There are 2 protein chains.
Amino acid sequence: MNNFVFQNCTKIIFGKDTENLVGQETARYADKILMVYGGGTIKKTGLYDRIMKSLRDSGIDVTELSGVKPNPRLSLVYEGIDICRKNGIKFILAVGGGSVIDTAKAIGVGVPYDGDVWDFFTGKAVPKETIPVGTVLTIPAAGSEASDSAVITNEDGWYKLGLTSDVMYPVFSILNPELTFTLPDYQTACGCADIMAHLMERYFTRVRNVELTDRLIEATLKTVISNVPKALANPKDYNARAEIMWASTVAHNNLLDTGRVGDWASHMIEHEISAIYDIAHGAGLAIVFPAWMKYVYKEDVARFAQFAKRVWNVDDNLFDLEEMALKGISALESFFSSIGLPVRLKQAGIDHTRIEEMADKCTMSDSYTVGQFKKLSKQDIINIYKLAL
Amino acid sequence: MNNFVFQNCTKIIFGKDTENLVGQETARYADKILMVYGGGTIKKTGLYDRIMKSLRDSGIDVTELSGVKPNPRLSLVYEGIDICRKNGIKFILAVGGGSVIDTAKAIGVGVPYDGDVWDFFTGKAVPKETIPVGTVLTIPAAGSEASDSAVITNEDGWYKLGLTSDVMYPVFSILNPELTFTLPDYQTACGCADIMAHLMERYFTRVRNVELTDRLIEATLKTVISNVPKALANPKDYNARAEIMWASTVAHNNLLDTGRVGDWASHMIEHEISAIYDIAHGAGLAIVFPAWMKYVYKEDVARFAQFAKRVWNVDDNLFDLEEMALKGISALESFFSSIGLPVRLKQAGIDHTRIEEMADKCTMSDSYTVGQFKKLSKQDIINIYKLAL
């Protein structure tokens, strides 16, 4: 187990009707806020009205910024920074999924910074402060509601880059599983692939003697795997939605990588796909992860065999761990297919033509290799894209 | 799953040599502190010198309060409060195990309070603030290093009572597994019984649909069970010590009871034993928990069967869940015995003579019933003590 520092102060308010507490929670921080959200969904479902009422009842003055899209854009971040500065706004409320929350986080670190907020994403500068961000989560997937990171896409060149900083944990996040009843099946499945990917990125480590976190990750994976089919069969199954929603947070709040080093190659390889083709991040992960696994499992067959046994209940074959490992990868791929996700690029309408370009961009952003479990060169990444065709 | 609020800001600094960071962490809060510790152990091991050097290097003025005993006493808490007030001290550093940390926490809430700090434990008053507490943990057991609670014994009548408050989370805790290499076997085993008890108090709930936290608790229990024998066989096994130490924190930092209602009867029943007989809390728990289980398992046989299957690898017998449940309880009892703990009162030199008195005190402190899994009357508690004889 490696040495580590762990601290996560995000206040989680979880359960039925909890969105009605947003006014009183927000009032601890500000009486003038920017509220960031996506399109019209929260208006259709009535969530917008309930939130506005709660904020109004607490005497909070709200400026709105809507129009956040999946794979959220830098241009909207600039717009938000501008609004906050012009209006002296010192708090951002994000109402939505990971794209909305990431937009809010990027605005948050951008407001007090003199330079271009994109500097933080390219590594030219490090954020030292933020204006506080609170969230009302509507899509369990990204885990951004209790994480220290954000991913933004720069339309100028379609670069999709992540930023991690201790200052970026939201101050509070409100999680009501009922808000996820209206998610379309495909979005539910994509969200779960994202949650599982966050867990697997952490699971596949070369650090030895990490038994507790291994087991905690397996526990969280098994919970997601058993509850996604229930949520798809009955979208208003509160219990299944609640398990998935709490798992999305636990998967990504950094507890589960204490003492270990995650891989994150699959995320980076996927980011290049969704930056160019604008497919759902979760769908991209369902395509990339099995391909990555097939390419790297020989680096530590025992770990992949453990994954197969403990997460997918693959029978022991201690004479042939490789067989176990491959059965685990196959079980993951079958599971993604069973919940309606693509597991090959061609199923998402993507062919080989831009593989070289994607591999180029992917390796540029991290000193020429990507990932920790196996350090991948540009050629490795091309090979993985080809395995995923 | 029940609605819940979860927030835990304790900064965990984990790993080899981390005690040398205590000066710089403490300096964020104060330049004049009270350092609380137990007897001479930390001087013998050299920990005292390393900590004093680190504090001195950061320019921190230290007043010492030593002499904390297991089942820590209220009189020492009063002394600490007095020292802090007289010297204008606004930060407490606890160096030790749960008793030391609990003493520091009680002093912390006592300093800014006008009345008698014992009011907080009897429920006459609620703490609104504390002076900050940091810790250097030497015994993985109580989980106090990242919890919101403390247990103190009032020598005037030997009342042992717990206090829980949001203000009581330590601001930082330093966890170096190497500091536990010198723990005697018996203390290592007692600590593990305490960790396991914290997990089981949370596990045995009547709240349904708590799959994620069920699985996280099982994961943590399995980790402790697999590592205690390793630590006993080789006290300097860093990896085993590290798993146990991190598990002690995860077991009690409140993540694992999100959405559920813990029981805590066994803790309360045990507190009466250790308050009167002054045995180690962990030893008392190893005696009480199996007896409690035998007394209550029929309230939810499926939960006990799941515990047997998932934690103790008891074979399925779906035609007879009760058989599975009893095998699980038996496995727990055998495990406690195997690591050198008493599992009957008589093994700890305790007979029946004060059972009535203990049951009386136990039910007095919680509106006449104790526990949530099954609400226990005084007679129930007498029966459990008798089962434990």
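This is a short tour of a predicted model with chains A and B, one selection at a time.

**Chain A as a whole**

The chain holds 15 helices and eight strands. Its C-alpha trace spans about 65 × 45 × 45 Å along the principal axes. The radius of gyration is 20 Å, which agrees with the value near 21 Å that a compact globule of 389 residues would have. Of these 389 residues, 56% are buried. Among contacts with a separation of 6 or more in chain A, 77% join residues 24 or more positions apart.

**Two domains**

Now colour residues 11–179 of chain A, which form domain 1, and then residues 184–387, which form domain 2. The centres of the two domains, taken over C-alpha atoms, are separated by 26 Å. Where they touch, 21 residues of domain 1 of chain A are in contact with 26 residues of domain 2. On the domain 1 side, the elements that give two or more residues are β1 (4–14) and β7 (159–164) of chain A. By class, the domain 1 side has 13 nonpolar, four polar and four charged residues.

**Chain A against chain B**

Next, show both chains. How many degrees of rotation superpose chain A on chain B? The rotation is 180 degrees, with 0.0 Å of shift along its axis and an RMSD of 0.0 Å. That is the relation of a two-fold axis. To find the axis in the viewer, select A:Cys9: among the residues of chain A, its C-alpha comes closest to the axis, at 2.2 Å.

Select the residues where the chains touch. There, 34 residues of chain A are in contact with 34 residues of chain B. On the chain A side, β1, α8 (211–233) and α9 (238–250) each give two or more residues. The largest share, 10 residues, comes from α8(A). That side of chain A has 15 nonpolar, 12 polar and seven charged residues. Of the interface residues of chain A, 100% are also interface residues in chain B, so the copies meet through the same surface.

Zoom in on residues 4–14 of both chains. Strands β1(A) and β1(B) pair in the antiparallel sense, over seven bridges. Within this pairing, A:Asn8 stands opposite B:Asn8.

**A helix in chain B**

Move to helix α14 of chain B, residues 355–364. Which of its residues are buried? They are B:Ile355, B:Met358, B:Ala359, B:Lys361, B:Cys362 and B:Thr363.

Most residues other than glycine have a negative phi. The last two stops depart from this.

Select A:Trp158, in the loop between β6 (149–154) and β7 of chain A. Its phi is positive, about 50 degrees, although it is not a glycine. A:Trp158 is partly exposed, with 15 other C-beta atoms within 10 Å.

Then select A:Asn254, in the loop between α9 and α10 (265–277) of chain A. A:Asn254 is not a glycine either, yet it has a positive phi of about 80 degrees. Is A:Asn254 buried or exposed? A:Asn254 is buried, with 20 other C-beta atoms within 10 Å.

Terms used: Residues are numbered from 1 along each chain as its sequence is written. Chains are lettered from A and ligands numbered from 1 in the order in which they are written. This is a predicted model: local features need pLDDT of at least 70, side-chain atom pairs count only at pLDDT 80 or more; totals for chains, interfaces and linings use all residues. Helices (H or I, at least four residues) and strands (E, at least two) are DSSP runs, numbered from the N terminus. The radius of gyration is taken over C-alpha atoms; the globule rule is 2.2 Å times the number of residues to the power 0.38. A residue is buried if 20 or more other C-beta atoms lie within 10 Å of its own, exposed if 12 or fewer, and partly exposed in between; C-beta atoms are placed from the backbone. Two residues are in contact if their C-beta atoms, placed from the backbone, lie within 7 Å. Copies are superposed by least squares on the C-alpha atoms of residues with pLDDT of at least 70 in both. Domain bounds come from an automatic or database domain assignment. Ala, Val, Leu, Ile, Met, Phe, Trp, Tyr, Cys and Pro count as nonpolar, Asp, Glu, Lys and Arg as charged, and the others, Gly among them, as polar. Two strands pair if DSSP finds at least two bridges between them.
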